[in-house]
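Got the sequence and the 3D view open? Let's walk through this one together, topic by topic.

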Amino acid sequence: MSASTFNRKLLILVVGASVLFVGLNIWVDIYGIFGFGSPQKPIYTNERTAKYLMGANYIPQHFDGIVLGPSLSANMQVENFDVAKFYNASVMGANITELKLIAENILHTKAPKYAIICLDPYMVKDAGKKTSMIDEREFWGALGSTFLIKTYVLALVRELELLPSKFPKDVIQHNGFNDFNKEYNWQNPAEHIARKLATNDPIVYPIDTQAYTDLTELLIALRATNTQVIAYFSPVPAPLMQRHQQAYANFQKAILKPFQPEDIIVNFNAPGYNAFTQNLDNYIDHGHLSAQGQHFIVSELNTILAQHSAYACD
Amino acid sequence: MLFNAPEFIFLFLPLVAFIYFKLHQKHLNSAAKWWLLVASFFFYGWWKPIYLILIAGSLVFNFIIGSNLLRNSSISSKKSLAMWGVAANVLLLVFYKYADFLLENINWLAGTKLPLLQFSLPLAISFFTFQQIGYLVDCYKGNAPAYTFKEYMLFVTFFPQLIAGPIVLHNEIMPQFANAANNKPQAENIAKGIYTFVLGLLKKIVIADTFAVIASAGYANASELGFLDAWITSLAYAFQLYFDFSGYTDMAIGVGLLFNIALPINFNSPYKSLDIQDFWRRWHITLGRFLRDYIYIPLGGNKNGEFKTLRNLFLTFLIGGIWHGAGWNFIIWGAMHGFALVVHRTWKKSFNLEMPNFLAWTTTFLYVNFAWVFFRATTFTDAVAVLKAMVGMGSGAFATTALLTDIYAVPFLLLGIVALFAKNTNQLREAFEPNQRLLWQTASLVMIALIFLNSVQSSEFLYFDF
């Protein structure tokens, strides 16, 4: 083969392969960016990047409500909401900066009717991206990248249940619900709480200035698109709350400042919810809720949202 | 501009090559060279345009000195002019690279509080300064023709080798530019150039960057390493440095070939070396050549007795260490290599004993690996901490690792280890023969490179710091 022929064929091969590869990725559209593929898109790996990318099109096109928060709200069963079809855009370990980036992606395309925000000191104790996983360049990566290939591989592994103990099926579902306890298997909340009490670890942290700004800006952006904001304080197990009551009260006072009267605030740590926070069956550790616990939260929020809807119609 | 940046690969390079050969096709040969010069300055200025003034000034100064050296027939004034010329280049390097190091040490020794200058190091200053020092010495010896200023600028600034070498000699590159046969694109060079470039790119973005994550994490926590993690850290850096730098060189050679310019090779499987002398014939070959021709030989080389030969060897590599960076760690690294070469020479002369290959290889590799710890560690304390951990005196867990946590990185790490002992890029390029198998192989490599290029990861080349 002559060198000229080699070069010509190389160009044709590379261009052809690129077109095919990119075309395939657009057709599969695993993040729903291009509007192709199945209307139900679970997440197989890297929740941060996936929910960020899904915010560009998949979430705003198929859902009219979102839940934002860290792991505390990630396993909220959003399919049980009645007033709207919700997507759980919560991310394990996320802070408000990262959640704001995901929300902004969604708002750029189509504003949801409702945005439920899980409030907890963890979310605002620091700011900035914790990892490089939320990056605009990942949109180009959706055309073909190592992350995309890894996602395909894990999609196969999970869907075909090749390694069910390490990569179980249906962990992060098409509506963003993250059944993370399938992977972590946290149990015995009493033991977790006792350990937290013994080490006297704080549950309240100083609010980071930038985090406070990010929260404020997020709320402004949501209101500007007529999204109803519903913020709830994630219920803290009673034994821990007893230890840190004053600090938590101070936190609540501070974090509520950027909220407006039209925002709905639900305090699941109020005395009226003592029966909930004292029942450790509602938890899987020192803060994360069990399926039972999340069911109650959703039920309460459903009632509040339904009342709000009815009031708004009157 | 980085070789692995999309704007370089898809925009700058094709545009420069296209217009270059188009101008030649229209017999506008001078314009073609000017175009290449403009492109090279643009390539350099992409990082910080203001430093174009510095490189331009350096070019003008050295060209004037070189021209005067070539015209001057008086030996004493030639010598004086050459000395001043070289001194000026060294001073420039000292000013930008070593001034703060000197000030820090003066402050430490004398208890003063002299303020540091904190100039950012101009990109490639070590490379283009050394290149021009070599040219001045050649002018002094009468070993350089009288280039035009345009030709001289092209020799120094030709963009594939401008930023991080190879350190090219004028008589290596200028005859190639003068050769009219090189004014037309040559399919074989394009094929080899693409092949070499892609191999270099993959070495950098797939292998080097994977090892870099581990090395950076290890060195960032030097005082907490245990035995296993210390070895993982040091080896990760050894591999990162090799694949990063040799990958860059491969890319430079590949790009050069696209313009029908054969740049000298810079690496020849250095980690296969069986002794330290062999290592320096395989690692950063053009630097070793420069040190030999412009420092070791002018010092007297091996012409003035054994003691002076050993002294010259040691000093040459001490200077080589200093060239790499302003810090005691680099001086220690250079001294370690100088010492090793002294020991090697003494051993060879004194004992007619050859080590079994495996023992020779292990000794050489381990010694080089130990020396890299000083090269990489941010402080002397960190270097000592890593070395202590490598001999089991670290504070971390002995036999467990906190560094090898990403299972997805393992295939690339293994690929790196295999690649170290396989044929190197030069050998593959020499054996390059366009055929169906190589076509599919190259296409696959290009596709892998494109996928990696489109993946979120940011990196710079290590030798950009020199």
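What follows is a short tour of the model, from its confidence scores to some local details.

This is a predicted model, where local features need pLDDT of at least 70, side-chain atom pairs count only at pLDDT 80 or more, and totals for chains, interfaces and linings use all residues. Residues are numbered from 1 along each chain as its sequence is written, chains are lettered from A and ligands numbered from 1 in the order in which they are written, and side-chain values use heavy atoms, with hydrogens and water left out.

**How confident is the prediction?**

- The model as a whole scores ipTM 0.88 and pTM 0.89.
- Helices (H or I, at least four residues) and strands (E, at least two) are DSSP runs, numbered from the N terminus.

**Where the two chains meet**

- Contact (heavy atoms within 4.5 Å) links 27 residues of chain A with 24 residues of chain B.
- About 2,000 Å² is buried between chain A and chain B, and carbon and sulfur atoms give 75% of it. Buried area here is the accessible area (1.4 Å probe) that two parts lose on being put together, summed over both.
- On the chain A side, Met1(A), Phe6(A) and Leu13(A) lose the most area to chain B, together 27% of what that side buries.

- Helix H2 of chain A (residues 47-54) has eight of its eight residues buried, so the rest of the structure largely encloses it. Buried means under 20% relative accessible area, exposed means over 50%, and partly exposed is in between (1.4 Å probe, protein chains only).
- What covers the buried residues of H2(A)? The cover includes H3 (58-62), S2 (86-88), H5 (96-109), H6 (138-141) and H7 (146-159) of chain A.
- Helix H8 of chain B (residues 170-178) has His170(B), Ile173(B), Met174(B), Gln176(B) and Phe177(B) buried. These residues span an arc of only 160° around the axis, so they sit on the same side of H8(B). That arc is the one made by the directions from the helix axis to the C-beta atoms.
- Covering the buried residues of H8(B) are elements including H1 (6-25), H2 (29-45), H5 (125-141) and H6 (149-157) of chain B.

**The nonpolar cores**

- The largest nonpolar core has 150 residues, and those with the most contacts inside it are Phe8(B), Phe159(B), Phe259(B), Tyr271(B) and Trp372(B). Such a core is a set of buried Ala, Val, Leu, Ile, Met, Phe, Trp, Tyr and Cys residues joined through side-chain atoms within 4.5 Å.
- Helix H10 of chain B (residues 227-258) gives the most to this core, with 18 residues.
- Apart from that core lies another, of 58 residues, among them Ile30(A), Leu68(A), Val124(A) and Leu222(A).
- In soluble globular proteins, nonpolar side chains tend to be buried together.

**Two residues up close**

- Ile30(A) is found in the loop between H1 (3-28) and H2 of chain A, and it is buried, with a relative accessible area of 12%.
- Leaving aside neighbours within four places in sequence, Ile30(A) touches Lys41(A), Tyr44(A), Met54(A), Leu148(A), Thr151(A) and Tyr152(A).
- Ile30(A) and Ala155(A) are 125 residues apart in sequence, with 9.6 Å between them in space, C-alpha to C-alpha.
- Leu235(B) lies in helix H10 of chain B and counts as partly exposed, at 25% relative accessibility.

**Backbone details and cysteines**

- Going from Gly165(B) to Pro166(B), the peptide bond is cis, with omega near 5°. Pro166(B) lies in the loop between H7 (159-162) and H8 of chain B.
- Asn46(A) has a phi near 50°, a positive value in a residue other than glycine, and is buried at 17% relative accessible area.
- Ser269(B) also has a positive phi, near 50°, and is buried at 3% relative accessible area.
- How many disulfides does the structure hold over all chains? There are zero disulfides (pairs of cysteine sulfur atoms within 2.5 Å) over all chains.
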